[in-house]
Amino acid sequence: MAFEKTATVLGAKTSYRIAPSAKRYTLRDNGFIETNGGNYQLIRPLDATPQSKEGFKLKITVSKDIQTLKMSITTANGLKAVNIFKDPKQKMSQDKFYFLMDGMISRGLFEKIED
């Protein structure tokens, strides 16, 4: 998956882009970790209990120049992208995804793009 100006997860109707106000320290303050390649990555669980090792994970990677990003929702081991929006049983994971993204929007990291 390549870095893009706008990104979304599989099945979501909303896309996101990096806000002009986003800086390196803003990313680090919000849980992003700098990778060996200089990019910034955030991995958050979307399951009911944070201690659970099963469930889905939201994975967001921002390029080192803070201009492009990529995002996906993966299986617990992080190897396969999944679509949580096709199954009504995944409503809680969908709500948590939007909650996490809304929090990052309010902190000036991302902007929402309605499709």
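Thr-14 is buried, at a relative accessible area of 6%. That falls under the 20% cut-off, which is why Thr-14 counts as buried. The model is predicted. Its chain has a mean pLDDT of 90, and 93% of the residues reach 70 or more. Two helices and seven strands make up its elements.

**Overall build**

- Along the sequence, the elements follow the pattern β-β-α-β-β-β-β-α-β.
- The chain has a radius of gyration of 13 Å. A compact globule of 115 residues would have a value near 13 Å, so the chain agrees with that expectation.
- Taken along the principal axes, the C-alpha atoms fill a box of roughly 35 × 30 × 25 Å.
- Of the 115 residues, 40% are buried.
- Among contacts with a separation of 6 or more, 56% are between residues 24 or more positions apart.
- Mean pLDDT by element is lowest in strand β7 (residues 110–114), at 90. Strand β3 has the highest, at 96.

**The three-stranded sheet**

- Strands β1, β2 and β7 form an open sheet in the order β1-β2-β7, with antiparallel pairing.
- β1 (6–7) and β7 are the edge strands, and each pairs on one side only.
- β2 and β7 run antiparallel and are joined by five bridges.
- Thr-14 belongs to β2, which spans residues 14–18.
- Beyond its neighbours within four places in sequence, Thr-14 contacts Thr-8, Tyr-98, Lys-112, Ile-113 and Glu-114.

**The four-stranded sheet**

- A second open sheet has the order β3-β4-β5-β6, and its pairing is antiparallel.
- β3 (33–34) and β6 stand at the edges. Each has a single partner strand, so one side of each is left without a neighbour in the sheet.
- Helix α2 packs on this sheet and touches β4, β5 and β6. The direction of α2 makes about 30 degrees with that of β5.
- β3 and β4 run antiparallel, joined by two bridges.
- Ile-33 stands opposite Gln-41 in β4, and Glu-34 stands opposite Tyr-40 in β4.
- The β3 and β4 strands form a hairpin with five residues between them. In the turn, Gly-38 has a positive phi of about 95 degrees.
- β4 and β5 pair in the antiparallel sense over six bridges.
- In that pairing, Ile-43 stands opposite Lys-59 in β5.

**The nonpolar core**

- The largest nonpolar core holds 26 residues. Phe-32, Leu-58, Ile-60, Val-62 and Phe-110 touch the most other members.
- Elements that give two or more residues to this core are β2, β4 (40–45), β5 (57–62), β6 (69–74) and α2 (91–106).
- α2 gives the most, with four residues.
- Phe-110 has contacts in several parts of the chain. Leaving out residues up to four places away in sequence, Phe-110 touches Arg-17, Ile-18, Ala-19, Phe-32, Ile-60, Val-62, Leu-69, Met-101, Met-104 and Ile-105.

**An exposed loop residue**

- Lys-80 is found in the loop between β6 and α2.
- Lys-80 has a relative accessible area of 56%. This is over the 50% cut-off, so Lys-80 counts as exposed.
- Not counting residues up to four places away in sequence, Lys-80 touches Ile-73, Thr-74 and Thr-75.
- Lys-80 and Phe-56 are 24 residues apart in sequence. Their C-alpha atoms are 10.0 Å apart in space.

Conventions:
Residues numbered from 1 in each chain as written. Predicted model: local features only at pLDDT ≥ 70, side-chain atom pairs only at ≥ 80, totals over all residues. Heavy atoms only, no water. Buried < 20%, exposed > 50% of the residue type's maximum accessible area, 1.4 Å probe, protein only. Contact = heavy atoms within 4.5 Å. Core = buried A, V, L, I, M, F, W, Y, C linked by side-chain atoms within 4.5 Å. Pairing = 2+ DSSP bridges. Axes fitted to C-alpha atoms, helices over the stretch in contact; angles between N-to-C directions. pLDDT = per-residue confidence, 0-100. Rg over C-alpha atoms; globule rule 2.2 N^0.38 Å.
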